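Biologist: I would like to learn how to read a model like this one, feature by feature. Could you walk me through it?

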Amino acid sequence: MTSAKAGSASAQSPEMSFLQDPSSFTMGMWSIGAGALGAAALALVLANTDIFLSKPLRATLEYLEEIDLKTLEKEPRTFKAKELWEKNGAVIMAVRRPGCFLCREEAADLSSLKPKLDELGVPLYAVVKEQIRTEVKDFQPYFKGEIFLDEKKKFYGPQRRKMMFMGFVRLGVWNNFFRARNGGFSGNLEGEGFILGGVFVVGSGKQGILLEHREKEFGDKVNPVSVLEAARKIKPQTSASEKK
């Protein structure tokens, strides 16, 4: 009998042990909670580094030249993107989402350069990846240049990069949110906004890409000073008649 009782005691389940010793149960729950908290903290730290951000594949002039763009008129015209910069170069914004208040902030920053770009003879353009209701029209007050449709989203490549919900735990994104809000910008949630955008300064003819800014996270806007410096390097093309 004694040995049977001993065997029964030794075969006690962990649940029974916890019931007989509540302190062990409490310590176990604390360990689980601490582990979960540590994992969450680690995930937050990693989300705020650039380790898991997709690295942009730089575009080539040959790639950009062959992109098909459409005008936003009632009877749209399709043309090759190289028309935008062939003679005088161009500054081009690939808009992540016209209704996004962060994109509107960057558009306003670029538009503030318009008088100086006009002096240089360099046009300012934007491309959008979709045309939803009045989104482009509502974006136009923030952007002082012509806007075209890039249906195949080529300006967002060559390798499209997305930022999903990880963006909402990045401190840099929240800092960008507050900066834009404090600047008086507002927006909506219409349209696709996960494919990241960017800004290009392209020289005339075959001069090449003078600046390529790829959005790293939501609201990672280009430095307007860098845009203007690159625009000043553009060498306008002269026609054969002008050379004579």
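Modeller: Gladly! Let us begin with a pocket. The largest pocket holds about 330 Å³ of space, in a model that is predicted.

Biologist: Which residues lie nearest the centre of the largest pocket?

Modeller: Of the 16 lining residues, Arg96, Arg97, Cys100, Phe168 and Leu189 lie nearest the centre. Sorted by class, the lining has eight nonpolar, five polar and three charged residues.

Biologist: Thanks. Now the whole chain: how many helices and strands does the protein have?

Modeller: The count is ten helices and seven strands. The protein has 244 residues, and 38% of them count as buried. For contacts with a separation of 6 or more, 71% are between residues 24 or more positions apart.

Biologist: Let me turn to aromatic rings. How many aromatic pairs does the structure hold?

Modeller: There are eight aromatic pairs. To read one, look at the angle between the ring planes: over 60 degrees counts as edge-to-face. Phenylalanine 155 and phenylalanine 200 are such a pair, with 70° between the planes and 5.6 Å centre to centre.

Biologist: Why does this pair tie together parts that are apart in sequence?

Modeller: Phenylalanine 155 sits in the loop between β5 (146-149) and α8, while phenylalanine 200 is in strand β6 (residues 198-202), so the pair links parts 45 residues apart in sequence. Phenylalanine 155 is buried at 0% relative accessible area, and phenylalanine 200 is buried at 0% as well. Elsewhere, ring pairs join Phe101, Trp174, Phe177 and Phe178 into a cluster.

Biologist: And the backbone? What should I look for there?

Modeller: Most residues other than glycine have a negative phi, and most peptide bonds are trans, so departures from these patterns deserve a look. The peptide bond from glycine 157 to proline 158 is cis, with omega near 10°. Proline 158 is in the loop between β5 and α8. Lysine 153 is in the loop between β5 and α8 too, and its phi is positive, near 60°.

Biologist: Is lysine 153 buried or partly exposed?

Modeller: Lysine 153 is partly exposed, at 21% relative accessible area. Arginine 133 also has a positive phi, of about 40°. You will find arginine 133 in the loop between β4 (124-128) and α7 (135-139), where it counts as exposed at 64% relative accessibility.

Technical notes: Residues are numbered from 1 along each chain as its sequence is written. This is a predicted model: local features need pLDDT of at least 70, side-chain atom pairs count only at pLDDT 80 or more; totals for chains, interfaces and linings use all residues. Side-chain values use heavy atoms; hydrogens and water are left out. Helices (H or I, at least four residues) and strands (E, at least two) are DSSP runs, numbered from the N terminus. Buried means under 20% relative accessible area, exposed over 50%, partly exposed in between (1.4 Å probe, protein chains only). Contact means heavy atoms within 4.5 Å. On a 1 Å grid over the protein atoms alone, a cavity is a set of points where a 1.4 Å probe fits but cannot get out, and a pocket is an open set with protein on both sides within 12 Å along at least five of seven lines; lining residues have an atom within 4 Å of a point. Grid points are joined across faces, edges and corners, and a volume is the space filled by probe spheres set on the points. Ala, Val, Leu, Ile, Met, Phe, Trp, Tyr, Cys and Pro count as nonpolar, Asp, Glu, Lys and Arg as charged, and the others, Gly among them, as polar. Rings of Phe, Tyr and Trp (its six-membered ring) pair if their centres lie within 6.5 Å; planes under 30 degrees apart count as stacked, over 60 as edge-to-face and the rest as tilted.
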